[in-house]
Amino acid sequence: MTERLDALLREAFPGDEVSVEDRTGGGDHFQVNVTSPRFEGLSLVEQHRLVYDALATPLADGTIHELRIKTRGAS
Amino acid sequence: MSDEIRDQVKGIIESEDVALFMKGTPQFVMCGNSHRALEALRRAGAPVTAVDILPDPRIREELSALSGWPTIPQVFVRGELVGGADIVEELAESGELERKLEEKLGPEYRGAGEERVAALG
């Protein structure tokens, strides 16, 4: 599951720094970190929305039980 | 019936100074992320109105439809989505949450009220 989220994020943020951690080892509690120049000038809400958009399918189908997000601009 | 719940959710978002949609209540929190958001708001002295989304699945459906935010908790200050647990925690740590509360609610917001719970449905 970590690989699937990782792939979805890399597709949405090509070339950017992405990492996914399975926080509990159970395959449903995740910490994702994304560093992207696309975040620059955006509010945190807007930044997290981009991450949610990338992970819309696993969020909607219940694969992701809990998601923690950390976003950073690239500069 | 769903329209009624949507109107209630909308009413809370628009009329409460600080609305926290969470799993459980401040007295009995049912989720780690809801706990993190509540604690961050408490540290900032926010007058929180908490809404438990668990009693009826339609509350969460209507809330996410209105906000476009897929996860719980969700924090609103005077109608504006401030974020979920990660953002609220980050803003609390940088002091930005208190600045936002002051800007939206006035410098006296800390005395504005205690935590309360609003029940929907």
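This is a predicted model: local features need pLDDT of at least 70, side-chain atom pairs count only at pLDDT 80 or more; totals for chains, interfaces and linings use all residues.
Chain A and chain B touch: the contact takes 10 residues from chain A and 8 residues from chain B. Two residues are in contact here if their C-beta atoms, placed from the backbone, lie within 7 Å. On the chain A side, helix H2 (44–54) and strand E3 (66–72) each supply at least two residues. The largest share, 5 residues, comes from E3(A). Helices (H or I, at least four residues) and strands (E, at least two) are DSSP runs, numbered from the N terminus.

The table sorts the side of chain A that touches chain B by class.

| Class | Residues on the side of chain A that touches chain B |
|---|---|
| Nonpolar (Ala, Val, Leu, Ile, Met, Phe, Trp, Tyr, Cys, Pro) | 6 residues |
| Polar (the others, Gly among them) | 1 residue |

Residues are numbered from 1 along each chain as its sequence is written, while chains are lettered from A and ligands numbered from 1 in the order in which they are written.

Now chain A itself. It holds 3 helices and 3 strands. Along the sequence they follow the pattern α-β-β-α-α-β. Chain A is as compact as a globular protein of its length, because its radius of gyration is 12 Å, close to the 11 Å that the globule rule gives for 75 residues. That radius is taken over C-alpha atoms, and the rule is 2.2 Å times the number of residues to the power 0.38. The C-alpha trace of chain A spans about 35 × 20 × 20 Å along its principal axes.
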